[in-house]
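Trainee: I would like to learn how to read helix packing and pockets. Can we work through a case together?

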Amino acid sequence: MGGTGPAGPVMDRDEVDRALARLGAEHEAIETSLLALQDHAGRRLLEGARLTGVTQERWAVTDGAITLLWTYFDRYTEVLRAARELRARRRWSNQEDLTRLTELLRGESVTVPGGQPVPGGQPMPSITGPARLSSSFTLEDLVSRMNDLYAASLDVVVAADAVWSALPARIDLLAAELQRTRGLAHSVGVRPGEHPSGDDLERITRTLTALREQVVSDPLEFWRPARGSSAPGGGRPDTERYDREARALDEVRREIDAVLTVRQDAESRLMRLRDILSRADRTLAEARSARGEVLAKIAASEVPAVSGPSTALQEQVSTAAEYRRHGQWHRLSPLLEALERRAEDELLRARESLTAVTAPLAVRAELRGRLDAYKAKVARHGMAEDPLLIERYDVARRMLWSAPCDLRAAQAAVLRYQRAAAEVLVPAVPAVPEQSGPMDRRGER
């Protein structure tokens, strides 16, 4: 068909029918999407919540955009209905009808009030004069604008719903765990002002309470859009603050578990601690007794002094027992750990003191053993009656078995006996066959 109008070439009947079918399908899809947005749980929550901050600002824009969306849709519906009614008048539309249909379907046939939505849903003021009271669009332009408004609105609704679905429930679970931990903490004496973990529990409680209030009133503050994503709702809830408090609670829980372990093992650990200190005291007593013996039996020897038991350690063990008796487990735990280390050090010190004190007696015993071993060796080789060996043996033995014993002189006497025995024993070694001639007692020809 010929002719043109304000909307361009006049459409023929087939073009009109195809356009009406396409626009009808678009109308259905748009209506379904708008109804889904209207019934979205996130939108209903946003509509009824007391909002603050970023969410309050963005929801004001979004609420106006949703209202404008329905206005656009109503105008779209009206124009589509008018076009369908006009096409339904006649089976074969005349030129006048086709011209009007072309204007409706392709021309700026949709008039809507105001301009772009802004916070509060008011029209954007114009910098060149008064704000426009209405705007005209083609159906195609109107659909494009509705798509943009719908995507932006859905993005806000989905983001808020995602944060509300994720964070408050997790915060509540963590708060419940916090309450259980607080009960355990109180049972072992971990309380605010008395133990750092008690102070941490109070701080975590305050932080979680404030965090939940902020998440409920300003969910979009906790939304992180995905980079490079243009899809509505692309992103994730920001759980950094929640995660930080969860880690802090884990640390407190480990500290309380350690205190609970102390409560279970306290009696056995105290008994083991007393046993170690008792062994240290007995060892020191033995060292003091040995020192008196050494001073009486060994002459010209430096004998170190022996200190008494540590009264400070005994007092701290008594303090630990008091903590256990009164259930002050948070104080008992670090004290027991320190006492166990110091008790082991005390026992080691006592053993070292005993070793140092008895060293001269050990030297005398070693010299006695060496002297007797050489005497037995000489006897096995039939040299026990040698006058020189008898004389030197008697001198060394008198020194070693007399009190007080001069260790330096006794050691020199034992060495002289050893040398004499070595000289006597040389002839007992078989001679090399190719050598001949008599040998003296020193092994020389």
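Trainee: Which residues in α3 meet which residues in α4?

Mentor: Keep in mind that this is a predicted model. From α3 come V79, A82, A83, L86, R87 and R89. Their partners in α4 are D97, R100, L101, L104 and L105. Sorted by class, this contact holds seven nonpolar, no polar and four charged residues.

Trainee: How do I describe the geometry of such a pair?

Mentor: Two numbers describe two packed helices: the angle between their axes and the distance between the axes. For α3 and α4, the angle is about 165 degrees and the axes lie 10 Å apart. Angles over 145 degrees count as roughly antiparallel. The two helices are therefore roughly antiparallel to each other. The crossing of α3 past α4 is left-handed.

Trainee: At what angle do α3 and α5 pack, and how far apart are their axes?

Mentor: Helix α3 spans residues 53-89. It packs with α5 at about 150 degrees, and the axes are 9 Å apart. That angle makes α3 roughly antiparallel to α5. This crossing, too, is left-handed.

Trainee: Which residues make the contact of α3 with α5?

Mentor: On the α3 side, R58, W59, T62, A65, I66, L68, L69, Y72, F73, Y76 and V79 take part. On the α5 side, they meet L139, L142, V143, R145, M146, L149, Y150, S153, D155, V156 and V157.

Trainee: Is α5 roughly parallel or antiparallel to α7?

Mentor: Start with the numbers. Helix α5 covers residues 139-187 and helix α7 covers residues 240-297. They pack at about 25 degrees, with axes 10 Å apart. That makes α5 roughly parallel to α7. The crossing is left-handed.

Trainee: What does α5 bring to the contact with α7?

Mentor: α5 brings L167, R170, I171, L174, E177, L178, T181, L184, A185 and S187. They meet Y242, D243, E245, A246, L249, V252, R253, I256, L260 and R263 in α7. Together these residues divide into 12 nonpolar, two polar and six charged.

Trainee: How does the lining divide by class?

Mentor: Six residues are nonpolar, one is polar and six are charged.

Methods. Residues are numbered from 1 along each chain as its sequence is written. This is a predicted model: local features need pLDDT of at least 70, side-chain atom pairs count only at pLDDT 80 or more; totals for chains, interfaces and linings use all residues. Side-chain values use heavy atoms; hydrogens and water are left out. Axes are lines fitted to C-alpha atoms, for helices over the stretch in contact, and angles run from 0 to 180 degrees between N-to-C directions. Helices (H or I, at least four residues) and strands (E, at least two) are DSSP runs, numbered from the N terminus. Angles under 35 degrees count as roughly parallel, over 145 as roughly antiparallel, 65 to 115 as roughly perpendicular and the rest as oblique. A crossing is left-handed if the near helix is turned anticlockwise from the far one by less than a right angle, and right-handed if clockwise. Contact means heavy atoms within 4.5 Å. Ala, Val, Leu, Ile, Met, Phe, Trp, Tyr, Cys and Pro count as nonpolar, Asp, Glu, Lys and Arg as charged, and the others, Gly among them, as polar.
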